[in-house]
Each structure stands twice: as structure tokens, then as C-alpha cells.
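Here is a friendly note to read with the model open beside you. Take the points in order and find each residue as you go.

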Amino acid sequence: MMSDLTKFTLAEARDAVASKKVSSLELTRAHIDAIEKARGLNAYVVETPDKALDMAKASDARIAAGHAGPLEGLPLGIKDLYATEGVHMQACSHILDGFKPPYESTVTSQLWRDGAVMLGKLNMDEFAMGSSNETSYYGPVASPWLPAGWDAEKGRAALKGDKKGLLVPGGSSGGSSSAVAAHLCLGATATDTGGSIRQPAAFTGTVGIKPTYGRCSRWGVAAFASSLDQAGPIARTVRDTAIMLRSMAGYDAKDSTSVNAPVPDYEKAVGASIKGKKIGIPKEYRIEGMPAEIEALWQQGIEWLRAAGAEIVDISLPHTKTALPAYYIVAPAEASSNLARYDGVRYGLRVPGKDISSMYENTRAEGFGREVRRRIMIGTYVLSAGYYDAYYVRAQKIRTLIKRDFELAYNDGIDAILTPATPSAAFGIGEKGSADPVEMYLNDVFTVTVNMAGLPGLAVPGGLSASGLPLGLQLIGRPFEEETLFSVAEVIEQAAGRISLPQAWW
Amino acid sequence: MSVDQATVRRIAHLARIAVRDEEVPHLQEELNAILSFVEELSAVDVSGVEPMTSVIPMRLPLRKDEVGGHAGADVITRNAPGAEDHFFTVPKVVE
């Protein structure tokens, strides 16, 4: 038996539990201990150890009775955007103060159906609006990766203070990526509206997949931008994300955009040959000012895939540079509509006012943080009379063009597209976006096209930056062909060598 | 396009978000930064392009028009900041 049960991959833990080498109770206790010792990272906003131990005991009973599910006894972290019955769910916002949903999200209910164990709720940017986990009402999350030249002592001192200078874990799923990278769970749920699974995975040396729009039910996941939001996993290996996605995906009559198509056994695609697969390299992703190390990483990825027998094809996606500005119309517009429900009447915070209107206004002013207020206001503006056609309708037309670019490439026989996941390695807490919000938005330049086109996208570690921080590659697939992404990503993971995650210094 | 301070106040009111006077100039600056960022879209040729309504081609499914299961008033009002006898309470709106 391994001395530290948190060092298992999810697949290794599954096999150890299934063969009764380790009990779910032992595995779960090891994670609860690790979480307690890592509170300084601020990855979990709520820990549910009693629930976890009860679930683990029930798992062990099912294993003994021979009824184990595909995730039986495996402890996971859940992003705070997911409704968990009777357990805190606030999308890391003050406006949902005290909210305990009386229902369970479809995705998490499928995880529990398959035997998984819940460790707690993970920190995130408020309502998933952010790329650094700094907009959370519960404060920023620190990455377990230390900045270059920092020792453990300096890191611990910063955790006790305002965390400035420590690295962001990415966002919005920053609690998920930090917890997975710090071995505080075997895998985590996350969500991705413009890059919120792939960018945090890239920043922390973990693997994340945003599946095709409609693959996972959005029911019970707090809505940000409904036409872009998708659920997906973050875990430490390609195989682990494949295992999790199989349980998370599937048709749900309660989500009218859920697609009724069978869920493949994604794990079978891990290790499959990619010989003869056509991999597109889009020239528009070679953006001005891109650091040389990102360019080198991309080139390295191309060589790995070529060596594995893939055919490398230069392609063009001409509307790429319109995706980010169009996203900053579509996403805030949908957010302003979705977040209208938070008005201090049915749940959460209420701040009194002299009449009902000022009660709404006071509640929303105090309940929403700066970034969320800003996006609601932009969304309200672009949807308002006289501007709707100039902004919103135009952005939706551009979305059609972005999707068409990908369709043309896929019609030419491209199986998957390889790009960098982010324009840089992780930056420091407090470093970006305080003067100009657009500076932070530029983080999503490579990921946001995928949401605009509804496609599956996966981020996998490709190597380390000059300062020793993880860098990720992104694979973009055809609709509902996540299996190809798992096969190609496994080639990259094998060639790059599994990234060595930081030892506990916190 | 850019917004002036009166427009910032009007948007805030439409969005039902109270803003203090001292916040307005800063908000105006931030909103204008975002609007100038999206300005480049006006140069894109979108003539003859249909606006996207659904990213995955599918028909909107319809359910049967019948009363479905619901959690019950106890459960629904449990999270409310103000509730009485299975009703949500709000400040008086009719004198």
C-alpha cells in the first residue's frame, strides 16, 4: 500500500479500491486530512467530512456486496456552482448568502449514482466570472505552484497574509484546479463558459476537458451564459478525466439543450493509436507578442503528434480574433438576464430599502462583487433599446462565422486542432486586471473560440516555462468526438511525461 | 460607442444595481474600456449572415402540457430571506 493515499491517480485509486487493497474509508480519510492541512490555499470554501465519511462507508458496503459503481468510493471536490442538496451552494457570491439548495444537480447526482464521495465545495470566481479566482466572495485561491525563487517558508508567510505574489490557479474553476494539483481530491467538477476549465488546468499542470455543448446537463448548475456554459472535469491525468466525463455526461430531460446521444466509454479511447489522424494547426493562433516559450511548446506538441503518426496540416480559422470581443457581448448579455433572478426575494441576501425597487437595488449592489456588477451592466447596455442590433445581433452573426470556420476545417478532414491553451504561464495574485478589466479577459484568447462554436476542448500539460511553471496545450475536436481528444491528449501526456506536481509546502 | 455618466446611471437603474455618486466616473471608465475593446467587431462584414440561435443543431423539445411534480411550498420558501405562510414577503408595494 502506498504511504500517501492522496498520491494515487483516480484510475489507480479506483483499481486499489475495487481490488480491496484500500478501503474507500481509508482513501477518504487521507483526503480529509490533506484538506485540513491545506486550508491556507483556500481551495475549499466548505468541507463536508461527515458526509464524505458516510458516503465512503456506504461505498465500502457496496464493494463488499459486489455492487460497485464505476467511481465507487472515490473522493471528489465539487465546484460551488453545482447545486448539492442540503449543502452550501453560493457560486462563491455574497448574494446567495446561506443558500442550501433543496435539490441536486444532474451531473453531481450521476457522480453519486456511480459511487463517488463528496469532500466539499470548491472555491471559484463569483458566478464563474473571472480568469484567476480573485473575484470570489471567499477570497483568492493560491496555486500549489510556488513562484520562481520562492521557498516554502516565504510561501507559507504569504498564505497567512493577503496571498499577494503567490500564483493564481486560473479561473473560474481555480478551487478545482488548485485542489487537484495539491492532491486534495482525486478529481473535481468544473465548468467552462470561456475557458474556465482549460485555463486553470493549464496553469496548474492538470488536465481539463470542456465537452461539446449539450453533452453534460446544465440542470442544477448556476447559469452564467446559458448558450456557452458546459460542465466538465479537472483531474491529474487524461485517463482520469475520461473516467469522470463518462459519469458526468448524458441526456437529461430537465435541460432542453441536453443532447440525447449515447455516452461512450471514454477510457477506451485513452491509448488508442492516432496514426493517420489529421491535426490542424491554425495560423491565427500565432498572436502578436506571444512569448517564445509558448511558441516552442506548440512546436514541440506538433512534433510529438507527428512522431505518433498523425498528419500535421496548416489550417486557417479567419474569424479567430473576433471571438473574444464577441464573447464579451454574448456572455454579459446572457449573464445580465440570468442573474436578474437574484433580487433578495426568493433566496440569499436581502438588503432593505425604502421601497421594493430600492430593496432590489441595494441587495444587488451589496450582493454582487465588482466584476459581476460590471458584466451585468455591460450586458444590460448591449441588450437595451437601440443597441440590441448593433451589439447583440451582430455578435450572434459573428458567432455563426466562427463556427463556420471550424466546420470548413472539419469538412476538409481535420480530426482535431492543436493550439496553446493560454498565452502565458500563471501570473501572480493581485497582478492583473485592477486598472483595466480587458487585461484579464485576454487570458481566454485561445479558449473562448471553442465555447462560441460549442465544440469540445481539452487542456493537457505540455511542459514547463523558463520559470518552472506548467504550460498547457489545447486540443479542439469535432462535435461529440471527445474520444479523439482523449486519444491525442494521451500521446502528448506520454511524450511530455507526467508533470511532477509540487510537494506540500503549505 | 462610449457611455456618458448619465447613461451609466440609467444602465445601473435598468440593471437594478444601486451606484454611489463617487462610483460613477470609475464605472464609466471601465465600461468604456470594454466597449472600445468590442468596437473592432463593427469592421466585420456580417452581411447575409444568420445570427446564431443554437450552437448545436437541434429542435427545442416540448414537454407535455401537464402539471409536473414540485417540491412543495415548504421547500420552496425555505431559503427565502422573508416568508410567511408559504408566501414570499416584500416591502409594501400597494398603499
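1. A word on the model and its labels. This is a predicted model, in which local features need pLDDT of at least 70, side-chain atom pairs count only at pLDDT 80 or more, and totals for chains, interfaces and linings use all residues. Residues are numbered from 1 along each chain as its sequence is written, while chains are lettered from A and ligands numbered from 1 in the order in which they are written.

2. Eight of the eight residues in β11(A) are buried (20 or more other C-beta atoms within 10 Å of the residue's own, with C-beta atoms placed from the backbone). Both faces are covered: A:Leu471 is among the residues on one side, and A:Gln474 is among those on the other.

3. Now look at its partners. β11(A) pairs in the antiparallel sense with β9(A), residues 416–420, over five bridges (pairing needs at least two DSSP bridges). Here A:Pro420 has A:Leu473 as its bridge partner.

4. β10(A) and β11(A) form a hairpin with five residues between them, and A:Gly468 in the turn has a positive phi of about 80°.

5. Finally, the contact involves 53 residues from chain A and 38 from chain B (C-beta atoms, placed from the backbone, within 7 Å). On the chain B side, α2(B) gives the most, with six residues.

Conventions. A residue is buried if 20 or more other C-beta atoms lie within 10 Å of its own, exposed if 12 or fewer, and partly exposed in between; C-beta atoms are placed from the backbone. Helices (H or I, at least four residues) and strands (E, at least two) are DSSP runs, numbered from the N terminus. Two residues are in contact if their C-beta atoms, placed from the backbone, lie within 7 Å.
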